[in-house]
Structures are given as structure tokens and as C-alpha cells.
Amino acid sequence: MDIHALQQIVHKTRDARRKQTIPKFSPADRDQLIHKYHPDFRASAYRPIKFGPNEGDKTVVELATLLEGDSSIQDNADLTPQYTCDVLVIGGGGAGCAAALHAHGAGAKTILATKLRLGDSNSVMAQGGMQISVAPEDSPVTHFIDTLKGGHMENDHALLKVMVEDGPSIAKWLLELGVLFDRQADGNLHVKKGGGSSKPRLLTCSDYTGLEIMRVLKDEVINQKIQLLEFAAAVELLSDGQGACTGAIFKDLDNQRHVVVAAKSVIVATGGIGRLHIQGFPTSNHYGATGDGLCLAYRMGAKLAHVDTFQYHPSGAVYPEQLIGALVTEGIRSEGGHLVNAKGERFVNELDTRDVVSSSIIRECEEGRGIRTMSGRVGVWLDTPLLDAEHGPGTVEKHFPAMMMQFERFGIDISKDPVLIYPTLHYQNGGVKIDTNSETNVKNLFVAGEASGGLHGRNRLMGNSLLDLMVFGKRSGLTAAGRAQSMKQGALTLKHVQQFRAEAKKHGNASGVISPMILPAYTRKA
Amino acid sequence: MAQELNENVIDQPEVMKPRMVTIEIAGKKVDVPEGITVVRAMWYAGIDVVRGVGCLGGFCGACATYYRTKDDPKVRTCLACQMAVQDGMSFTMMPPFPARKATYEIQKLQDPKQDLFNLYPEAPLCRNCNACTEACPQKIDVREGVWKAVFGDFKSVSEMFMDCVMCGMCTPVCIADIAPNLVALYVSRAQGAHFTDKPVGLDTRIKEIQDDIYKDEWAKILKMNEKELAEHCATVK
């Protein structure tokens, strides 16, 4: 059928739906729903990791294979450093920029290396906002509780407490750098309510929150003259032979040469895994989200936490084809947008946590109440025109300019027509286990941002990622810089790689897979 | 049931039987399926893209591209991840353009509106050709923004350029060698750091945390066992 004909049911049922209230699930119903429909519970997609720090733990097959993968570096590689620094930051997204700026600000000689350009990351795409408890009726404690509920009570309490308590001073830092958060008439920060939160707590820059923060942080990294190595993909970490991290080897993607960097501390801020397309899901992630940091840290002996859980953002575009997987911001639901099945019915409280909403959408589609596309995808409607009906004409255009433009390019006006959506692989809930200084169990190896694990439990609450990046970027940068004064550069060896290879051999691993992946293989071969 | 399912399928003849179209990538003719994005067309043609792809979501500005449609003399701009190919289209990616970025300590500026002319002395030399506005894939009125910056209306500039993805396509076309995106970035940051109210509520909250006023509440929560904590969480709605 013509898409407009299929959309009629959404227009027809709009007024009736506006009078409806959909209660949130009880904890028991919620668990049942998730166990039945959430991709994290599809047993066939998982297998135990064969060896290494997380031996026996289950994760998705795609990630397990990469974690067990071999290094591209030979045992006898030349390890003469081309660069030497106090703090080496790997990754140029939000966590990497925050880490580099704080390390540099504390007087450390800092290098920021990234496999694409400075700022090419998921951070730049964050639309929904940043959770910080600034409203009078809110508090860091309430932020803590909301996050814990969202994470199924499995969040690391110590990490979570420092995140919610550091939040307000992070907002101040960003404001001082010139970030233009939305304001109330009285000059205070405007806060929006996010899915799974009991209080309005999202700081936003219209629907360009990540872009605005990243424009400013990138500019600041350049203004501070922090040394950059762009198009440099980390392919191996270096150790002193006694378990401490002392640097990294990069592959320059322009000339394929290796670059060795000696560092007193290394901060891995390499982001997530969306481009592994686990379980065949499309992704909202950027081109380089291939889990490189996880592989590097794992080979060095760093323990991972919660690597069996991933976030499928409820609203990834399904139509048009060109936008498959692209995110339709949760902000639409925050402002009252309904999810509607093919029968014109709502089926979940749209502001429940992401895992619950995603599971509900999958349920509707598996039970035949979805709308299918001819490329074999299925989805439900997100009633975007409802926002104009509810809050006045022009609301969608004014509050979601990025979204409007993205669809307009393909001839779709989302203020007039609903959008077809289905969950898209969005975020790695777990990652390398860290302490409150963002350090791993490997000495002088820090991990910050999405690559780290523990903070978000089994499901990250909307808006907590941008804050995570800033808080743990800052903490890793300051701790690493603070240590630089009193320590000497350690030896550069590949002893950990030799040990890992021996371990792989012992377990009969001969997959031939080299990790990290660096970039997904999208180029069509012949 | 099957009947019902069939009714809920969106017509997409282009998906069922993709029409192949001939396009030109950097001057070379290739056949690709109609309607895929420009960046996918490059992958389809067997071209490895390292420089020129970033977020794939239309936000990072890495994939700035020049294109021309069939028989049209006008060369336009787009983000390669956000543009569908059509028959007869010709495109090439924009190489990194060596525009000059001024460096500054944003918080230490004494007179940001005057400093604009020291940092970017070319900014007031705009000759009104409007090429920058025409080059903007985000449809920002760039020329107007440059003039507003020069006249000190920093607030308007910061609002107009909230959509700016820093692709830099406004820079190579400028006959006065202005880099409008970089000017706007400076102006927006100055607006935020110097000309926007300090949020009082935020300072209050920071002080509350410094004074440890949540101490008792934390103590209570952090000593709860799993069950008590779950029960407590259930009361917060």
C-alpha cells in the first residue's frame, strides 16, 4: 500500500489516543517482557569467551570473536617511539576531548590520537540531551535512583555516585567554555524530562546537544594546541613487561605506517560497537564504532563488565531506506509523541526505559502488528505530528530542526506525517571495568566513556552518556596528569601480546581474525 | 492474518527492483542502484572511504561533497551520507580545505565583539556575493550571519548557526577569504561564555554538593541491602 494510506490510521486515531494514559509496567511484567523480546536475551546470539580476563563470560558472538582475535603486530616489531608524552588519549569524541583538555590543563604533555578526524564520534550525534540534576525539585540522589532503576539495579554504586555529583560542575565548565544550553526565561537552565527519569533533568541545545558540545570541545582542543594524531588507528597497546601500560602503536591510515607513542599513562576513549552490527541490527553509531578499545584493553588483561548487554534505541528509522538505523531522537517521545501500531493503538508508556520500549516494539512487530517495508524490515509508527497538535503548529520544526532536515532531504515532512521506526543498535551498556578515577585493573591504563563499563548497569538511562563522557573524561585526564610528575616512562614491550598469543594457542583459537577491526568492511568487493 | 499483513506493507517498487543508474564519481562513470546515498554509492563502486566518512548521520560534516545533476550547470553541495544518487549525477568529495582558524582563550577575552576584528580581520570584508549561503548544506543564511557577527549581534549568530556541522563548504567559495563557520564558532562561544546569564540555580546546586547537604540521604541509601534499595527505588516515581 501507499505509505500515506497506511499512515491514515495514525491521523484518525490521534485525538482518541490523546485522552489515553498508558501505565508503566510493574517490575515483574517488565522483566517478563524483556526476557521474552529484548535482543539481550536471544541465547543463540551469545557464546562464552574462550580465554582471557573474562574467560567463560557470555557475550555476543561478534564481540567474542574480536576479543579473542590476534594482534596485527609481530613479536619483533620495532618499538622505537616517534612521540613521547605524559598522557596519551586514544579517541577524539566527547570523553577523549574532555580527558585531553583536563590532562593538558593540569600541565601534562598530552597527545590525542584518533582514527578519523578530531570529533568524529557518536558524541556529535547525541540529540536527546545531558542529564544533570540542576532543577530545585531534583537532586543528585534522585538522579542516582533513576539511573539505578534504569540499569536494573546492577550499576556500580561508586561510579554512579561520582557521576551524579560531578554533574553540576561539569555543566558549569561547559557553560564557561561557551556551550549554549537552552534556558528558561529567568536565565536558569531549561530541563526536559527523559525516558525513565522521575524529574525533568535533561540539559539540551535544541536537538543538537552533542554537536554543540563537540563543536566547542574540538575548538578548545585546537585552541589549547594539544598535539593531535588524526587518521591514526590504535592497533596495540604497549606494556612495561610487568603489567603496566606504557604507550600504544598506531597505524597511520593515510600511509599505512606504524607510529609508536610512549606515554606514562594511556586513556582509551574509543567508544562503542554499533558497527559490528550484532545480531544483524542496523545501528545509529558512527563509522568507527567497532569496539577497538575493548580488544586492546582485553589483550592487556583488563577485565570487562556487563559485556553481555547492549542498548537498542527504540526509535531507529526504518523508512526511507537511506536513513535505516538513523536515530529519531527520544526527545520526540519526551514531548509526548506516541508509539502506534498498525491497528492505530498505543502499546507502551513511551517514557518507560529504553529496554522496555524497545522490547514492546519488537513484541508488536513479532505478533503481526507492525508495518513492513519491501526491503524486509518492519516497524511501528512514531506519531510526530501529534507534537504540533498538542503544543501548537511549528513545534516539531522549532524543537527538532535536525530531525526535520534529515527527513526533509528525502521528501518527508515529519511534522505532517508519522515516522516508521524499529529499535536500532545504539550503545554498549558495559565495557572495560573502571574505578572512580576511570582506571582499569591494568596500571596506568584508563578507560573513559562508552568503552568503559559498570556505570550504566544493564541499561543506560537516556541522557547519561554525555555526562558519563565528561565526568570520566575529566577524572581520567586529571588522575593521569597528576601521576605524570612523579613517574618515569616505563619500558615499551609486547610481553602482554606474547602472553595472549600463548593463551590463544592453549585454547586452540585459530580463527585467523585480527583485531581491532578499525573500520567496517562496507566496500563492495568485485 | 496473511491478508492483514499484506495490507501493512509499504509500496517500495524501487526496493523490489532497483533501477541501475549511471553516475560519475570524481569524473569516473559507474553504475549503481538508484536512490542509495552518495557515500554508499562509493562503497558500491568499490571505493574504500577513510577520509570523508564520520558519523553517517548528518551531524559531523566529514562528508562534504560537491555534486551536479544531469544537464544542470549548477554545482551544489551536500553531505554524502544524507543525499540520494540519481541518474546522471556527478559528484566529488571536498578535500580538507586549509582555512585559517584563529586561536584564543575564550574566557580571557576582554572585549569579544572587538576581538573578532583582531582574530578574523577579514570578517568585515564580505562583498555580499552570497556564495556561502548557497554552499551551505544545512541551509543556514551564512552571509547574513557574517554581517550580524560584524555588527555585534552575537546572539542571532549563535542561534542561526546551531545547525552548523562545520563541514566548511562555505570557506572555499568566499572571495574575501572569510571562513564563516569558524567566525560563527568563535561568535557562538563568545556569546555563551560572555553574553549569557549565569544560571543561579546551577551555582546553588554546586554549593549544596560542596556543603554535602545530601550526606544523610547518601548514607541511608548506600547502606541499604539489595532488597531495601529495590523497595526504596520503587517509591521514587
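In chain B, helix 6 and helix 8 cross in a left-handed sense, meaning that the near helix is turned anticlockwise from the far one by less than a right angle, clockwise being right-handed. Helices here are DSSP runs of H or I with at least four residues, numbered from the N terminus.

This is a predicted model, where local features need pLDDT of at least 70 and side-chain atom pairs count only at pLDDT 80 or more, while totals for chains, interfaces and linings use all residues. Residues are numbered from 1 along each chain as its sequence is written, and chains are lettered from A in the order in which they are written.

Back to the pair. Helix 6 of chain B covers residues 142-150 and packs against helix 8 of chain B at about 45°, the axes being 10 Å apart. Axes are lines fitted to C-alpha atoms over the stretch in contact, and angles run from 0 to 180 degrees between N-to-C directions. The two helices are therefore oblique: under 35 degrees would be roughly parallel, over 145 roughly antiparallel, and 65 to 115 roughly perpendicular.

Now the domains. Chain B has domain 1 (2-93), domain 2 (106-194) and domain 3 (200-235), with bounds from an automatic or database domain assignment. The C-alpha centres of domain 1 and domain 3 of chain B are 52 Å apart.

Last, the contact between chains. Chain A contributes 74 residues and chain B 68; contact requires C-beta atoms, placed from the backbone, within 7 Å. On the chain B side, helix 8 gives the most, seven residues.

Technical notes: Two residues are in contact if their C-beta atoms, placed from the backbone, lie within 7 Å.
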